[in-house]
Amino acid sequence: KECDWSSDVCSSDLVGTNFTVTGNTVLGANIDDSTSAYKTQTLTDGATITWNAASGRIATVTLGGNRTMAAPTNLKAGHYTLTVIQDGSGSRTLTWNGAFKWPAQTAPTLSTAANARDILTFVSDGTLLYGTYVNDVR
């Protein structure tokens with residue numbers, strides 16, 4: 001369950017009984033990462049890559065060929081991170097669904113070296129993902 005911090009705390013995401021909420025800060029609580037925005041997942045490589053955001057806002061995929069990134073499902077407003085890794089051959093490309101928006105309407109050019117790692121971060125309004133990226137992170 002997602003928390004709407006502007007209105008209340010989602011008790012199903014908190015463990016323990018002694019906590020206070022001040023603005024957007026929870027004090028003295030343990031956050032259950034299994035239901036929070038910090039849950040991670042490894043996406044399945046394939047001709048079209050799908051990302052179910054309900055399974056984790058932090059995702060990794062290793063490209064085994066030239067691929068297409070589908071529009072993520074179950075998006076909520078918030079932050080998302082995608083790590084894209086080239087396989088041992090490298091030179092793989094990724095085509096982005098229209099749900100992904102980029103600065104100056106220019107999608108990133110992925111690093112092409114074998115095993116290269118690019119990190120893409122997004123802010124979502126619940127429908128679209130507005131992205132930035134860092135290439136060739138080592």
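Me: Which residues have the most contacts inside the largest nonpolar core?
Reply: They are Met 69, Leu 82, Trp 96 and Phe 122, in a core of 20 residues. A nonpolar core is a set of buried Ala, Val, Leu, Ile, Met, Phe, Trp, Tyr and Cys residues joined through side-chain atoms within 4.5 Å. This is a predicted model: local features need pLDDT of at least 70, side-chain atom pairs count only at pLDDT 80 or more, and totals for chains, interfaces and linings use all residues. Residues are numbered from 1 along each chain as its sequence is written, and side-chain values use heavy atoms, with hydrogens and water left out.

Me: Why is Trp 96 called buried?
Reply: Its relative accessibility is 13%. Buried means under 20% relative accessible area (exposed is over 50%, partly exposed in between; 1.4 Å probe, protein chains only). So Trp 96 counts as buried. Phe 100, at 4%, is buried too.

Me: What makes the pair of Trp 96 and Phe 100 edge-to-face?
Reply: The ring centres are 4.9 Å apart and the planes stand at 65°. Rings of Phe, Tyr and Trp (its six-membered ring) pair if their centres lie within 6.5 Å; planes under 30 degrees apart count as stacked, over 60 as edge-to-face and the rest as tilted. So the pair is edge-to-face.
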